[in-house]
Amino acid sequence: MFKHLDQPVSNAPLITFRVVFGAVMVFSTLRFWYLGWIEEHFIDTHFTFKFYGFEWVSLLPPRAMYALHAAMLLGALGVLLGCFYRLSAALFFLSFTYSWLIDLTYYLNHYYFVSIVAFLLMLVPAQRRFSLDAWRRPEISSRQASRWAIDIFKWQIAIVYIYAGLAKINHDWLLEALPLKIWIPANDQLPLIGAFLTWKWAPWLFSWLGMLYDCTIVFWLSWAPTRWLAYLSVVFFHTVTGMMFQIGVFPIVMIGGTWIFFSTTFHEKLLGFFEKKSFERRPFAPQTPVWIFTILIFHFVFQLLFPWRYLLYPGNLFWTEEGYRFSWRVMLMEKAGTATFFVRDSATSREGEVFNRDFLHAHQEKQMAMQPDMILQYAHFLKKHYEKAGMVDPAVRAEVYVTLNGRPSRLLIDPQLDLTTVRDSWKHKDWILP
């Protein structure tokens with residue numbers, strides 16, 4: 001198998017993938033900066049929610065946060081231009097991943113995807129053509145790469161799509177058209193398709209087409225006779241979802257990223273518009289180190305297995321969210337909650353209500369109020385805060401009401417439970433009500 005993966009092939013698909021990804025990341029970083037989100041997300045904040053196991057990723061001082069995003073921009077430019085490529089890819093991967101790991105409330109599947117792609121780019125020789133590195137050092141230039149250097153991006157995109165499609169095979173999505181039955185009518189002002197979205201059966205049509213699209217699109221992209229039609233559906237699908245939902249540059253990432261499924265001829269012609277000559281000085285002799293194959297095996301085994309961890313937990317996945325993240329479950333539910341916290345002084349037994357806006361901004365409060373692990377984190381934060389304020393061993397409880405896919409709101413946890421007595425772990429959270 002390794003011999004097959006190490007076969008030399010044209011590196012044109014890898015080069016265009018590098019350029020497109022780098023360009024989108026440059027745009028994304030500049031957009032994030034321009035919209036003032038560095039200050040909003042990382043400076044005007046009192047508390048950040050942590051990913052379990054990544055509690056050490058902390059908020060940096062304001063100047064350091066701007067420096068982090070400057071490093072991110074520099075890394076993205078380096079990837080785009082193929083300039084000090086390995087260092088640039090590592091710089092972008094580390095800075096980007098650190099940035100979104102700072103606060104759990106900002107987790108998005110496409111952030112996770114971008115980090116994975118940046119990590120994989122560190123492993124491939126995408127700088128040997130159409131790059132400043134190849135211009136500075138002609139001896140490294142080549143028009144070939146090992147097959148695996150291109151296939152790993154196809155495999156990763158396939159995992160994202162197929163797992164997203166499999167996640168849609170559930171009662172609410174297919175039979176009740178939820179949550180699309182809630183979301184679609186609210187987008188009736190969209191150009192061209194707005195009127196269509198008001199039709200009664202539109203949510204069911206979009207639900208079934210969305211599931212079928214995700215489950216099968218990589219196969220249609222991989223088959224030459226259907227590739228162009230499939231790609232048009234990619235453009236349509238991601239354009240519409242980008243207009244309907246606030247998902248940042250993810251549609252552009254996927255519209256550009258799926259070019260890697262196109263033929264070598266397509267990519268060679270594309271690069272031919274810009275390349276003047278090749279500086280290839282030596283024949284390509286693939287000799288991929290064993291450690292790279294080892295890393296890739298561990299990576300893809302993890303990608304294939306980790307999304308299934310939810311099967312180890314009882315209860316409704318959408319309600320408990322145990323095993324929900326990092327599993328390519330994209331826009332599957334409409335969930336909202338209200339969380340009122342109460343702190344009691346153990347010495348005086350006096351109890352008072354917490355005003356969440358004293359500690360959280362609107363987005364943080366919205367996300368926290370429906371996700372059990374964040375509720376628990378916030379309770380422990382409140383305990384420490386009020387201990388410093390002079391309370392004796394404060395107890396923290398919360399009345400949390402959550403609605404899922406338009407159903408009547410229900411209590412998420414026992415409102416009398418002192419949350420400071422509970423510790424987060426990989427174990428089932430038996431303090432979540434059914």
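The model is predicted. Four strands form an open antiparallel sheet in the order β4-β3-β5-β6. The count of aromatic pairs comes to 49. Thr45 and Ala177 are both buried.

**The sheet: order and edges**

- The open sheet has 4 strands, ordered β4-β3-β5-β6, and the pairing is antiparallel.
- β4 (351–353) and β6 (410–411) stand at the edges, each with a single partner strand, so one side of each has no neighbour in the sheet.
- 7 of the 10 residues of β5 are buried, so this strand is largely enclosed by the rest of the structure.
- Helix α18 lies across β3 and β5 (395–404), and runs at about 25 degrees to β3.

**The sheet: strand pairing**

- Strand β3 (residues 335–344) runs antiparallel to β4, and 3 bridges join them.
- Within that pairing, Phe342 has Glu353 in β4 as its bridge partner, and Val343 stands opposite Gly352 in β4.
- β3 and β5 pair in the antiparallel sense over 10 bridges.
- Here Thr338 has Tyr401 in β5 as its bridge partner, and Val343 stands opposite Val396 in β5.
- β5 and β6 pair in the antiparallel sense over 2 bridges.
- Tyr401 stands opposite Leu411 in β6; Tyr401 is also the bridge partner of Thr338.

**The sheet: hairpins**

- β3 and β4 form a hairpin with 6 residues between them.
- Ser349, in the turn of that hairpin, has a positive phi of about 65 degrees.
- The hairpin of β5 and β6 has 5 residues between the strands.
- In this second hairpin, Asn405 takes a positive phi near 55 degrees.

**Aromatic pairs**

- A pair of aromatic rings is described by the distance of the centres and the angle of the planes.
- The count comes to 49 aromatic pairs.
- One of them, Tyr163 with Trp308, is edge-to-face, at 5.8 Å centre to centre and 65 degrees between the planes.
- That pair links distant parts of the chain, 145 residues apart.
- Tyr163 is in helix α8 (residues 147–167), while Trp308 is in the loop between α15 (290–305) and α16 (317–320).
- Tyr163 counts as buried because its relative accessibility is 11%, under the 20% limit.
- Trp308 is partly exposed, with a relative accessible area of 36%.
- Tyr378 and Phe381 form a stacked pair, at 6.2 Å centre to centre and 20 degrees between the planes.
- Both residues lie in helix α18 (residues 372–388), 3 residues apart, about one turn of the helix.
- Tyr378 is buried, with a relative accessible area of 0%.
- Phe381 counts as buried because its relative accessibility is 19%, under the 20% limit.

**Aromatic cluster and charges over rings**

- Phe51, Trp100, Tyr107, Tyr112, Phe113, Phe250, Phe326 and Trp328 form one aromatic cluster.
- Arg309 lies over the face of Phe306, at 3.9 Å from the ring centre.
- Arg329 places its charged end over the ring of Tyr310, 4.5 Å from the centre.

**Thr45**

- Thr45 is in the loop between α3 (37–42) and α4 (62–81).
- Thr45 counts as buried because its relative accessibility is 12%, under the 20% limit.
- A polar atom of the Thr45 side chain lies 3.2 Å from the backbone oxygen of Phe47.
- Not counting residues up to four places away in sequence, Thr45 touches Leu59, His361 and Gln364.

**Ala177**

- Ala177 lies in the loop between α9 (171–174) and α10 (180–183).
- Ala177 is buried, with a relative accessible area of 0%.
- Leaving aside neighbours within four places in sequence, Ala177 is in contact with Asp172, Pro203, Trp204 and Ser207.
- Ala177 and Trp201 are 24 residues apart in sequence, and 9.1 Å apart in space from C-alpha to C-alpha.

Notes: Residues are numbered from 1 along each chain as its sequence is written. This is a predicted model: local features need pLDDT of at least 70, side-chain atom pairs count only at pLDDT 80 or more; totals for chains, interfaces and linings use all residues. Side-chain values use heavy atoms; hydrogens and water are left out. Buried means under 20% relative accessible area, exposed over 50%, partly exposed in between (1.4 Å probe, protein chains only). A polar contact is a pair of N or O atoms within 3.5 Å; within protein, one must be able to donate a hydrogen and the other to accept it, and residues adjacent in sequence count only if both atoms are side-chain atoms. Contact means heavy atoms within 4.5 Å. Rings of Phe, Tyr and Trp (its six-membered ring) pair if their centres lie within 6.5 Å; planes under 30 degrees apart count as stacked, over 60 as edge-to-face and the rest as tilted. A charge sits over a ring if NZ of Lys or CZ of Arg is within 6 Å of the ring centre and within 35 degrees of the ring normal. Two strands pair if DSSP finds at least two bridges between them. Axes are lines fitted to C-alpha atoms, for helices over the stretch in contact, and angles run from 0 to 180 degrees between N-to-C directions.
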